[in-house]
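User: Please take me through this structure step by step, and give the rule behind each term as it comes up.

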Amino acid sequence: MDAPAKASGGYAIAGGASSTGKAPSAFREAEKKYQLHYDQELKFSKGKLRGKRGRLRERPTDLSEVLDFRSPPRDGDVGVVEVAMDFPGNRRRTVRSLARHPGFYHVESYLTCEECEELAREILETHIDPPASSNHTARHGDRVSGLWAAAGRGDAYDPVSGRDGTCWSPLSLSPSGSGVLTARTLLERLRWVSLGPRYDWTRRKYLRDSPHRELPRGLKAMADGAVASLCAEEGGATSSMSTFGADAALVNFYGAGDTLGGHVDDAEADLAQPLVSLSLGCDAVFLLGGRTREERPTAMLLRSGDLVVMSGDARRCYHGLPRILSSREPMKSSRQGAQGGGLSVEGYLAGHRINVSVRMVAEPS
Ligand SMILES: O=C(O)CCC(=O)C(=O)O
């Protein structure tokens, strides 16, 4: 797996533009097609071209080939199969699978809007803090705690000692200047959090023995329940999912323009165990490809509350997220939190996407 790339950050998209002169792969082509691009307006003065120094304008993206499960094509080459299924908690949901991608399942609106907001609140208020590891703990250690509340208060990060022995100080007490790092900025720069055994992105392995936040029980129950229902539909004990027991999750945070490069999740002990991925917040374009980057991926729309399960063949396929369809400016341009006006989970979800990708890291017993 890869860490999500921030729009303004230094993370390159995996498999990105070729510097070798080779033609880009089919997967990369699709990423480029759906990524957010800006064009700079040309500037004219007195009828003469004065260079490309005009305003940046979002380039329109052609989404006509993005599969929308709410109105799937009847005869497209992806072959959508639809069934109604019962999941725990009296959830009767529509499940779609794709003939072109065996082992892939899309469950429409698995969570309701209220449940999405409740889960996002739990994540932002609690799960993003140590002992969970995140891109912030990787850089600042376990000092960055209480980030959501601090961002709501409009605090600044104090690397030495802040109010009450925490790492936060009121912005008004921080030395003035452009170098002040605010909690709001840190929240905007939050890319990933790992729940359950920490994931070492450099060595691409799970660190079972380091301190970590256990996978929250609610997330485990949700993933185990969804997989058990799909497994029953697939034929019970004969399904590759029959020994699944979720024990970890990677939570990715995306703002407008953020992406997750094409990758295969292969650090888990048993790749026969599925990935269970839940979307919260903004709609997004998800790409599901084949065993190599050369296979043309299927682009599909994921909405808040949708659940995706990748099992069987699909578990070993390239996938990525080239586009968040955010209708709002990135949060950092809003003045709400900077004035200490607090943050709302609903507001955060209107401009961001959270993806919770639950998995089984351990060997099945
Ligand atoms: O954000 C998504 O929907 C995809 C997440 C993903 O592929 C991952 O965490 O490995």
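Analyst: A cavity is a set of points, on a 1 Å grid over the protein atoms alone, where a 1.4 Å probe fits but cannot get out, and its lining residues have an atom within 4 Å of a point. Grid points are joined across faces, edges and corners, and the volume is the space filled by probe spheres set on the points. The model is predicted: local features need pLDDT of at least 70 and side-chain atom pairs count only at pLDDT 80 or more, while totals for chains, interfaces and linings use all residues. Residues are numbered from 1 along each chain as its sequence is written, and side-chain values use heavy atoms, with hydrogens and water left out.

User: What is the volume of the largest cavity?

Analyst: By this rule, the cavities of 30 Å³ or more come to two. The largest cavity has a volume of about 190 Å³.

User: Of the residues that line the largest cavity, which are the closest to its centre?

Analyst: The lining of the largest cavity is made of 20 residues. By class, it has nine nonpolar (Ala, Val, Leu, Ile, Met, Phe, Trp, Tyr, Cys and Pro), four charged (Asp, Glu, Lys and Arg) and seven polar residues (the others, Gly among them). Those closest to the centre of the largest cavity are Asn-252, Leu-260, His-319, Asn-355 and Ser-357.

User: Which element gives the most residues to that lining?

Analyst: Strands are DSSP runs of E, at least two residues, and helices are runs of H or I, at least four, numbered from the N terminus. The elements that give two or more residues to the lining of the largest cavity are S14 (248-255), S15 (260-263), S16 (275-281), S20 (319-325) and S21. With four residues, the element that gives the most is S21.

User: Is Ser-357 buried or exposed?

Analyst: Ser-357 is found in strand S21, residues 352-359. Leaving aside neighbours within four places in sequence, Ser-357 is in contact (heavy atoms within 4.5 Å) with Ala-248, Ala-249, Leu-250, Val-276 and Ser-277. Buried means under 20% relative accessible area, exposed over 50% and partly exposed in between, with a 1.4 Å probe and protein chains only. Because its relative accessible area is 8%, Ser-357 is buried.

User: Which side chain makes a polar contact with the side chain of His-127?

Analyst: His-127 lies in helix H2, residues 113-127, and counts as buried because its relative accessibility is 8%. A polar contact is a pair of N or O atoms within 3.5 Å; within protein, one must be able to donate a hydrogen and the other to accept it, and residues adjacent in sequence count only if both atoms are side-chain atoms. At 3.0 Å, such a contact joins the side chain of His-127 to that of Glu-122.

User: How far from an oxygen atom of the ligand does a polar side-chain atom of Tyr-254 lie?

Analyst: Twelve residues surround the ligand (a heavy atom within 4 Å of it), and the closest are Tyr-254, His-263, Asp-265, His-319 and Arg-353. An N or O atom in the side chain of His-263 is 3.0 Å from an oxygen atom of the ligand, and one in the side chain of His-319 is 3.1 Å from an oxygen atom of the ligand. For a polar side-chain atom of Tyr-254, the distance to an oxygen atom of the ligand is 2.5 Å.

User: Which residues line the second largest cavity?

Analyst: The second largest cavity has a volume of about 40 Å³. By class, its lining has five nonpolar, three polar and no charged residues. The lining residues are Ile-128, Pro-130, Ser-134, His-136, Thr-137, Val-144, Leu-147 and Leu-190.

Definitions and conventions:
On a 1 Å grid over the protein atoms alone, a cavity is a set of points where a 1.4 Å probe fits but cannot get out, and a pocket is an open set with protein on both sides within 12 Å along at least five of seven lines; lining residues have an atom within 4 Å of a point.
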